[in-house]
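Work through the exercises below with the structure open beside you, and try each task before you read its solution.

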Amino acid sequence: MSDEHDTHELPTPSLWPIGFAIGVACVLVGLVVSVPVLIVGAVIAIVFGLLWVRDLVSPRRAAPAAPAAAEPVGHVATVADLGAPVDRAGFLSAATIGVSGLIGAAVTLPVLGFAVLPSFEGDGVKTHDVNLGPITNFPEGEYVIATFLENPDRGEVTRRTAFIRNNGRTNDGTPSFTAIYSRCVHLGCPVQPNGPIDENAMKEVNGVELRPVLAASFGCPCHGGLYDSEGNRFAGPPVRSLDRFEFSIVNGDLILGRTFSVGHVEGVGATARIAKYYKAYPGVHVDGVERILYPIPTPGSRG
Amino acid sequence: MATKAARRKQLEAAALYPLDWTEERSGLVGYTKWFLFRKVPHDISWAQTLGAAALTAFIVQAVTGVVLAMYYKPDPDAAYASVVNITENVTLGWLVRGMHKWGASVFIILLFFHMARVFLFGAYKYPRELNWIVGVLILVSGMAEGFTGYLLPWDNTAYWATVVGININATGPFVGPFLAQFLQGGLNIGPDTLAKFYAFHMLVLPGAIFALIGLHLYLVVRLGVTSPPWSPSAAGRDRHEPEGGREGLIRDPASEVEA
């Protein structure tokens with residue numbers, strides 16, 4: 001025998017109450033915001049309310065309860081049941097799970113996006129151009145340590161260091177600079193120039209500190225990475241050459257742009273040939289066989 | 001004499017009344033007894049207390065961490081100054097910060113001792129494999145606590161250690177760079193990194209560890225404490241002797257599961 005409650009004195013399931021509820025909601029919203037919404041809501045509520053009442057008072061249609069009565073006790077759901085009409089309890093549990101899933105997704109997805117996406121777009125992945133002042137402050141053939149705030153709005157935490165060398169002019173007459181980023185390409189520690197720093201010649205140009213240095217090489221204090229004067233690794237754990245800044249010259253001022261990664265530098269100074277890649281994280285291979293381990297550049301690494 | 005005994009009984013009933021009241025409405029007294037008053041093998045030793053010691057160390061971390069959070073400011077301009085303030089100005093701040101800093105190492109060390117005990121005693125074997133897995137998750141969460149907590153003083157050691165730690169993540173194949181960028185909240189460590197690490201350190205990870213410890217303890221109570229490998233008895237009782245002798249059978253797991 002089927003459950004008594006399922007066959008006794010209950011009206012057939014009806015969708016009219018849902019329309020009635022929507023109408024009532026529209027009425028309430030309309031009371032606050034606008035008269036037309038109020039009227040539309042009232043019409044919906046009245047129409048669906050009447051339909052609902054008609055449904056309740058009309059004689060019951062033939063109840064589709066017969067299949068339930070025929071079911072054996074302890075029936076186990078099988079694949080064959082999927083196509084069959086579901087009973088009331090089955091429908092309610094499925095509906096509960098479905099609605100809970102929808103509500104859960106509606107709450108979770110935006111929060112998850114909020115947690116993850118800001119790291120890959122917006123302010124955090126923008127790079128800012130920095131004006132290092134007149135190029136006359138950079139004597140030809142000598143490194144200058146430039147420290148500056150990449151984004152003064154975000155404060156001291158954006159302080160960066162670059163090693164800038166004026167290479168004179170290339171063969172076709174354009175000015176050439178070597179602009180090395182100080183972060184070690186092993187694990188990101190601050191690389192130091194190996195040579196005496198001329199503190200007395202320190203200049204400050206609109207917030208940028210410039211210190212001339214006689215750098216024959218660059219060394220990292222953390223794990224002993226060592227680079228030559230072009231930024232090529234010659235000892236220790238780094239996997240590529242030091243990263244560099246793109247630069248431009250505007251009205252006689254040297255402007256640093258975004259950073260990029262370097263596989264290897266052939267030659268020296270103005271005649272150097274630089275194997276340029278998108279900005280990669282320290283420790284990430286940009287050339288050689290190992291680069292297949294890092295196929296997708298992160299958002300923002302192209303500037 | 002009779003009146004004295006009656007009065008004693010009356011007093012006892014009055015004292016036990018709140019317990020009975022609670023038990024009748026919640027069953028909590030029974031659950032507490034089920035949790036605390038358990039049969040254990042007769043030949044356990046101090047070695048089996050390492051888990052409880054690690055739990056105690058974690059509770060110390062949780063309590064001192066909550067108090068430190070009342071004075072710490074997770075803002076790049078204020079974080080270091082607030083840590084200096086805790087250490088030098090706030091009454092007993094040096095002590096509570098010291099407990100949290102050194103207690104972190106104590107917690108990890110005790111986890112490893114506990115893990116070594118479980119491994120050497122073979123206590124990870126059937127039916128306790130799941131509890132080993134849960135324990136490993138607790139260890140990983142504890143180390144993540146160490147990584148995120150190390151940034152919070154916001155001094156040069158904290159900053160550069162976190163630079164290195166995040167970039168080690170970045171060297172992971174395929175997803176490494178994305179993980180690193182998620183951790184630092186952009187292309188470089190910035191204000192968002194500090195707030196993010198603070199949220200992980202004091203909300204996400206402690207919550208996860210609390211939940212995992214709850215599961216861990218439930219499994220300990222359900223499965224019971226293992227006898228040492230040299231024990232003549234299994235789980236505090238005589239070894240189960242199967243009908244056909246012990247040939248080809250080291251130990252019948254069923255004799256332990258019931259406990």
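The exercises that follow concern a predicted model, and each solution goes step by step.

**Exercise 1.** Find how helix H3 and helix H9 of chain B are oriented towards each other, and state which residues meet.

*Solution.* Begin with the geometry: H3, residues 50–69 of chain B, and H9, residues 191–223 of chain B, pack at an angle of about 155°, and their axes are 12 Å apart. Next, compare this angle with the cut-off, by which angles over 145 degrees count as roughly antiparallel; H3(B) and H9(B) are therefore roughly antiparallel to each other. Finally, look at the residues: H3(B) brings B:Leu55, B:Phe58, B:Ala62, B:Gly65 and B:Ala69, which meet B:Met202, B:Pro206, B:Ile209 and B:Ile213 of H9(B). Sorted by class, this contact holds 8 nonpolar residues, 1 polar residue and no charged residues.

**Exercise 2.** Decide whether B:Tyr198 counts as buried or exposed, and name its contacts beyond four places in sequence.

*Solution.* First locate the residue, which is found in helix H9 of chain B. Then count its surroundings: a residue is buried if 20 or more other C-beta atoms lie within 10 Å of its own, and B:Tyr198 has 20 C-beta neighbours inside 10 Å, so B:Tyr198 counts as buried. Once neighbours within four places in sequence are left aside, B:Tyr198 is in contact with B:Pro74 and B:Leu152.

**Exercise 3.** Describe the largest nonpolar core, and say which elements contribute to it.

*Solution.* Start with the core itself, which has 43 residues, and in which A:Ala146, A:Ala162, A:Phe163, A:Ile164 and A:Leu242 have the most contacts. Now turn to the elements that give two or more residues: these include strands E1, E2 and E3 of chain A, and helices H7 and H8 of chain B are also among them. The largest share, 5 residues, comes from E2(A). Apart from this core lies another, of 13 residues, including B:Val83 and B:Leu194.

**Exercise 4.** State how many residues each chain gives to the contact between chain A and chain B, and sort those of chain A by class.

*Solution.* Chain A gives 22 residues to the contact and chain B gives 23. On the side of chain A that touches chain B, the residues divide into 13 nonpolar, 8 polar and 1 charged.

Notes
Residues numbered from 1 in each chain as written. Chains lettered and ligands numbered in written order. Predicted model: local features only at pLDDT ≥ 70, side-chain atom pairs only at ≥ 80, totals over all residues. Axes fitted to C-alpha atoms, helices over the stretch in contact; angles between N-to-C directions. Helix = DSSP H or I, 4+ residues; strand = E, 2+ residues; numbered from the N terminus. Parallel < 35°, antiparallel > 145°, perpendicular 65-115°, else oblique. Contact = placed C-beta atoms within 7 Å. Nonpolar A, V, L, I, M, F, W, Y, C, P; charged D, E, K, R; others polar. Buried ≥ 20, exposed ≤ 12 C-beta atoms within 10 Å, placed from the backbone. Core = buried A, V, L, I, M, F, W, Y, C linked by C-beta atoms within 7 Å.
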